[in-house]
Amino acid sequence: MALDGCGLFCKYTLIIFNLIFAVVGLAFLGIGLWLRFSNGTRGIFEIEALDSSAFVTAVTILIALGAVMLVVVVFGDYGACNEKRCALLVFCVLVAILAVADVAVGVVGFNNKDSVGAHIVEFYASMYGLYVTGKDPVIGVTLRFIHSLLHCCGVTGFTALELVNDTCPPADGFFENFKMPGCPAIILSVFDSKAELMLGIFIGTGALLVVALVCSAILCKKIRRCSSPFQTMVMTQSTSVRPIPPHGLVSTSYPAPYLYPDPVVFTPLSVAKVMALVCTVILLKQTKRDQQAVTAYYTTVY
């Protein structure tokens, strides 16, 4: 169906948004499933005493969040690419829930930044211990990302004592070749000093979700407007303009029966109505011929 410029803009915006969402969701789900079923980490989930640990909680959140994001992407891409209002409405509901949850998590985390920082430190310590014992490549990539992001190295930061030097970032200065900042202290300081930035990131993510929600709602409206069937045609006529009667249908000696002060509504005609209309036209033509014959007779006689 033909969409206008605004509808096309919203459509392609949703497609790009869903592609990015799909990449992030696949990354979350893949990392979460790897950490859940990897040989080096599977045993943690089998110990009941560790069910509430930060590592188990974080992996569960990664899997659930990745799965939810992929479900949202399925509805969003299907609705945008195929212009299906039902799928877009489901997408709107899911995105609205995600936006509210995202902002709520950001506000709760900001109000409890100390406990959140402690849980992140616990999660890092679990990842550190698992990598030291098992050298899991996915855990190594995760540690390398954390170390590069925070510019820290291991638990102590001493190069000679650290067991994960292969995941540490390059030293910025001469002294960092011997001692880099330890990650637990950096994590706590980041959550303490940059809590406002973290809250802004959550609010910004919620704003992006709201933009996707608005685009989806606009696209739904455009699709409904384009797909609504043309049921009736209404013609209005002014009393100051007299329409020309159809040629050969009615006599000009009679007042035109087709002049109505109100609008005339033409509805789609069925086969039976079309046949009745054809018969009416034939009868009108025959009537006119009879009138002309009678007029000619009286003219001849008189």
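A: Gly76 is buried, at 1% relative accessible area (buried means under 20%, exposed over 50%, and partly exposed in between, with a 1.4 Å probe and protein chains only). The model is a predicted one, in which local features need pLDDT of at least 70 and side-chain atom pairs count only at pLDDT 80 or more, while totals for chains, interfaces and linings use all residues. Residues are numbered from 1 along each chain as its sequence is written, and side-chain values use heavy atoms, with hydrogens and water left out.

Gly76 sits in helix H3. Helices (H or I, at least four residues) and strands (E, at least two) are DSSP runs, numbered from the N terminus. Setting aside neighbours within four places in sequence, Gly76 touches Asn18, Leu88 and Phe91, where contact means heavy atoms within 4.5 Å. Between the C-alpha atoms of Gly76 and Leu89 there are 9.1 Å in space and 13 residues in sequence.

H3 (residues 54–82) and H4 have axes 8 Å apart, at an angle of about 145°; the axes are lines fitted to C-alpha atoms, for helices over the stretch in contact, and angles run from 0 to 180 degrees between N-to-C directions. On the H3 side, the contact is formed by Val68, Val71, Val72, Phe75, Gly76, Tyr78, Gly79 and Ala80. H4 contributes Ala87, Leu88, Val90, Phe91, Leu94, Val95 and Leu98. The crossing of H3 and H4 is left-handed, that is, the near helix is turned anticlockwise from the far one by less than a right angle, with clockwise giving right-handed.

Glu83 lies in the loop that joins H3 to H4. Glu83 is not a glycine, yet its phi is positive, about 55°. Glu83 is buried, with a relative accessible area of 12%. His151, in the loop between helix H6 (137–150) and helix H7 (183–193), is another non-glycine with a positive phi, about 50°. His151 is partly exposed, at 22% relative accessible area.

The unreviewed UniProt entry annotates residues 12–35, 55–75, 87–110 and 197–220 as "transmembrane region"; its positions are in the numbering used here, feature names are shortened, and annotations may be inferred rather than shown by experiment. Residues 87–110 are 100% helix and 0% strand, with the end C-alpha atoms 34 Å apart. Residues 197–220 are likewise 100% helix and 0% strand, and there the end C-alpha atoms are 35 Å apart.

Now the whole chain. The protein chain has 9 helices and 2 strands, in the order α-α-α-α-α-α-α-α-β-β-α. Of its 302 residues, 28% count as buried. Among contacts with a separation of 6 or more, 69% join residues 24 or more positions apart.

Confidence is given as pLDDT, from 0 to 100 for each residue. The chain has a mean pLDDT of 78, and 77% of its residues reach 70 or more. Where pLDDT is low, the predicted coordinates should not be read in detail.

Technical notes
pLDDT is the predictor's confidence in each residue, from 0 to 100.
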